[in-house]
Amino acid sequence: MLGRVKQAFADRFGTPQVVVRAPGRINIIGEHTDYNEGLVLPAAANQVLYLAVGKTTDASHLVALDIAGEWQGDIRQSFTTSGSWYDYLLGVVDLLRSGGYDTGNLHVVVGGNIPVGAGMSSSAAITCGFIYALDQLYGWQLSRQQMALLAQQVEHRYIGVQCGLMDQYAVLFGKKDHALLLDCRTLDYDWQPMLFKDYVWLLINTGVKHNLAATAYNQRREECRQGVYILRKIDPGINSLRDADAGLLAQARSMIPEQIYKRCLYVVEENKRVRQAVQAAARQDSASLGRLLLASHAGLRDLYEVSCPELDFLVEQAASVTGVAGARMMGGGFGGCTLNLVRQDQVEKVKVQVAKAYYRQFDRQPVFYQPSLADGVEAISTANG
Ligand code: GLA
């Protein structure tokens with residue numbers, strides 16, 4: 001894949017000045033907690049994007065392998081939304097310029113194997129990877145934390161998703177064989193070894209992405225905000241759902257509309273599960289971690305209501321196979337992948353059984369990936385070495 005990206009760049013533009021590897025991410029546990037100042041436990045994956053970038057005095061030219069639509073023009077013109085993949089790149093350039101980081105025109109070729117719409121954050125990979133490449137090219141010396149915050153702003157301002165910081169942190173701070181325990185309130189983080197004797201991670205892609213995803217995501221965020229507003233009437237010290245606990249929620253129950261109560265309860269419980277998952281991982285206790293994954297899924301399905309029939313079905317099917325410690329939907333929801341912790345010698349059996357059942361039910365084949373946990377964004381070659 002790297003070869004293809006470099007070759008495509010060479011064929012059209014010559015030698016790139018910088019080539020960056022930007023990973024997708026998985027999330028072990030801690031879903032929809034990031035924008036509630038909570039805890040998350042994601043990891044960078046070995047499904048990656050490569051970005052080859054060079055300066056040019058001609059018009060800019062942005063190309064993605066395997067995705068239709070190229071963009072050509074003066075990159076300094078003001079941003080207009082097109083709904084196309086290059087909105088991410090143009091958003092990055094526009095945002096950086098508004099902060100005083102000007103770029104000239106650029107040649108960019110992007111390609112990789114992060115499945116789009118699978119909940120593996122190809123969008124964070126492209127934005128973080130591109131910011132990193134520009135930083136290399138122009139020598140701004142932005143910190144990884146600054147890059148993560150900028151990439152999040154691109155989603156907020158140019159794409160319209162009010163996302164948290166989990167994806168950007170995973171992509172930028174990932175470490176081989178580790179997950180990243182990130183405290184989204186303080187932005188303190190730590191790496192947690194994530195190797196289990198005999199167990200591996202298996203992703204199963206539903207192949208669907210229901211189009212209410214972005215709207216529903218922003219709605220959840222708003223519901224959590226309303227929850228905090230009500231809880232503050234009882235305890236003005238509450239600044240986010242991170243500060244709440246089950247006791248406070250019980251006390252406030254009669255004041256909170258049922259739907260908002262469910263959202264808040266899920267977040268409070270999920271934060272607890274992240275801490276428990278870290279302890280289970282430290283003991284290499286795949287059985288306990290598996291149970292936490294299943295509990296997380298139940299919360300996402302019944303309380304946070306971001307699952308869908310395809311995800312529920314995959315989780316149920318996988319969980320019924322011996323050798324599967326646990327499974328849950330992963331990412332924002334309404335489609336994408338489930339994450340499964342599976343005994344290595346049962347992976348093939350799980351694939352066959354789940355694929356058969358899924359096909360019978362939904363008339364489509366699920367796609368399987370076996371991610372390993374990888375390092376975060378890095379430059380892999382530059383013209384001057
Ligand atoms: C998306 C967002 C993240 C996070 C997850 C849900 O991936 O980009 O910030 O909120 O959904 O955990």
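1. Domain bounds here come from an automatic or database domain assignment. On that basis the protein chain splits into domain 1 (2-193 + 373-382) and domain 2 (199-369). The C-alpha centres of domain 1 and domain 2 are 25 Å apart. Between them, 35 residues of domain 1 are in contact with 42 residues of domain 2, where contact means heavy atoms within 4.5 Å.

2. A word on the source. This is a predicted model, in which local features need pLDDT of at least 70 and side-chain atom pairs count only at pLDDT 80 or more, while totals for chains, interfaces and linings use all residues. Residues are numbered from 1 along each chain as its sequence is written, and side-chain values use heavy atoms, with hydrogens and water left out.

3. Which residues are around the ligand? They are Arg25, Glu31, His32, Asp34, Tyr35, Cys163, Gly164, Met166, Asp167, Tyr217, Gly331 and Gly332, counted when a heavy atom lies within 4 Å of the ligand. Each of domain 1 and domain 2 supplies at least three residues of this shell. By class the shell holds four nonpolar, four polar and four charged residues; Ala, Val, Leu, Ile, Met, Phe, Trp, Tyr, Cys and Pro count as nonpolar, Asp, Glu, Lys and Arg as charged, and the others, Gly among them, as polar.

4. For arginine 25 the N or O atom is in the side chain, 3.1 Å from a ligand oxygen. For histidine 32 a backbone N or O atom is 2.6 Å from a ligand oxygen, and for glycine 164 a backbone N or O atom is 3.0 Å from one. The protein covers 91% of the 300 Å² of accessible area that the ligand has on its own (Shrake-Rupley method, 1.4 Å probe).

5. The structure has zero disulfides (pairs of cysteine sulfur atoms within 2.5 Å).

Methods. A polar contact is a pair of N or O atoms within 3.5 Å; within protein, one must be able to donate a hydrogen and the other to accept it, and residues adjacent in sequence count only if both atoms are side-chain atoms.
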